[in-house]
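Dear colleague,

Please find below the structure I wished to hand over to you, together with its sequence. My notes on what was found in it follow.

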Amino acid sequence: MKHYLSIKNIDSLPDWVSEARELKENPVAHKALGAGKTICLLFFNNSLRTRLSTQKAAMNLGMEVMVMNFGSEGWQLEFEDGAVMDQGKSEHIKEAAKVVSQFCDIVAIRAFASLNDKEKDEAEVVLNGFEKYASVPVVNMESSAGHPLQALADAITLDEQNKKAKPKVVLSWAPHPKALPHAVANSFVEMMQLQVADFVITHPEGYELNPEITKNIHIEHDQQKACENADFIYVKNWSSYSNYGKVLHQDSDWTMTTEKLGLAKFMHCLPVRRNVVVEDAVLDGGQSLVIEQANNRTYAAQVVLKKILEN
């Protein structure tokens, strides 16, 4: 494996999850693997878990880490071929990616969707621009349409917590005051398609995700019905896909409560708006897995970096 850009780069999810759990038991067992190697983390958007967990994963493997908040510290990049750069953009991706490649052995990119232009967002111009012009492996730390590191951490968490041959897993939309991207939900759906599970997506009408990603998946518009007898409920907000990037409504009836949760385990990628997305009692209760999910971000990143270094 050269790049880790999406869940589709995983050749065997069970094997990857098993390897990540082994790394969790002895995080520095392969510290010599990354000795003398450098990873460069480029952030076009804010981060907490992604930045710290990826740094920690690289350090566990013996790598040196460079971090740049590109949105505030770097030159504004141009991605269009043949562009006449007579406006605000000072550097082209062709030069930037090649230069960065000289300073590191792996480059990891975080660049959110604009939620203004669906075609441009789905083209993944930042991530794919680095993949095209960089001469080193590229890792997706969340792009316009995907967050495969989070989804891999979620798979690890499910594997650790699941007690059934075929658990019921629900992905539920929740209200949020801002328009949020589809990346986490998209990658979670792609990951669940590789699982043996009774998987259901629930959301209000109008909040359908990309139908190419959710095809053949049961979608239920009644949240209460969808959550019945669930083993895991993953809660996440996303904006409209058909009415791209728009907040159609903020229906507080979709907030996750202890009553809806029932006996299920609660999952969320964080950060989370308390008492908007989910009530305090759920987050602070014994069924919440959000801190363990965050912890597993390190081992998701570490298994990805290990496979790239071994290659």
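His-92 lies in strand β4, which spans residues 91-92. Please bear in mind throughout that this is a predicted model. With a relative accessible area of 9%, His-92 is under the 20% cut-off and therefore counts as buried. Its side chain reaches the backbone oxygen of Glu-80 at 3.0 Å. A polar atom of the His-92 side chain also lies 3.1 Å from the backbone nitrogen of Lys-94. Leaving aside residues up to four places away in sequence, His-92 touches Glu-78, Phe-79, Glu-80, Asp-81 and Met-85.

**An enclosed helix**

**Nonpolar cores**

The largest nonpolar core has 57 residues, and those that touch the most other members are Tyr-4, Val-139, Leu-152, Leu-171, Met-191, Phe-199 and Val-304. Helix α13 (residues 290-310) supplies the largest share of this core, with eight residues. Apart from it lies another core, of 20 residues, among them Cys-104, Val-126, Leu-127 and Ala-134. As for Tyr-4, its contacts beyond four places in sequence include Trp-16, Val-139, Pro-148, Leu-152 and Val-304.

**Salt bridges**

The count of salt bridges comes to 14. One of them joins the side chains of Lys-24 and Glu-160, at 2.8 Å from N to O. Lys-24 lies in helix α1 and Glu-160 in helix α7, so the pair ties together parts that are 136 residues apart in sequence. Both Lys-24 and Glu-160 are buried.

Asp-231 forms a salt bridge with Lys-164, where the closest N and O atoms are 2.8 Å apart. Asp-231 belongs to the loop between α10 and β10, and Lys-164 to the loop between α7 and β7, so this pair links parts that are 67 residues apart in sequence. Asp-231 counts as buried at 17% relative accessibility, whereas Lys-164 is partly exposed at 45%.

The side chains of Lys-225 and Glu-220 meet in a salt bridge at 4.0 Å, N to O. Here Lys-225 is partly exposed, with 47% relative accessibility, and Glu-220 is buried, with 14%. There is also a network of salt bridges that links Glu-19, Lys-306, Lys-307 and Glu-310.

Ala-230 is found in the loop between α10 (223-227) and β10. Is this residue buried or exposed? At 8% relative accessibility, Ala-230 counts as buried. Ala-230 and Ala-264 are 34 residues apart in sequence, yet their C-alpha atoms are 5.5 Å apart in space. Besides Ala-264, Ala-230 touches Lys-168 and Val-170, not counting residues up to four places away in sequence.

Val-99 is found in helix α4, residues 93-103, and at 33% relative accessibility it counts as partly exposed.

With kind regards

Key
Residues numbered from 1 in each chain as written. Predicted model: local features only at pLDDT ≥ 70, side-chain atom pairs only at ≥ 80, totals over all residues. Heavy atoms only, no water. Core = buried A, V, L, I, M, F, W, Y, C linked by side-chain atoms within 4.5 Å. Buried < 20%, exposed > 50% of the residue type's maximum accessible area, 1.4 Å probe, protein only. Helix = DSSP H or I, 4+ residues; strand = E, 2+ residues; numbered from the N terminus. Contact = heavy atoms within 4.5 Å. Polar contact = N/O pair within 3.5 Å; in protein donor to acceptor, adjacent residues only side chain to side chain.
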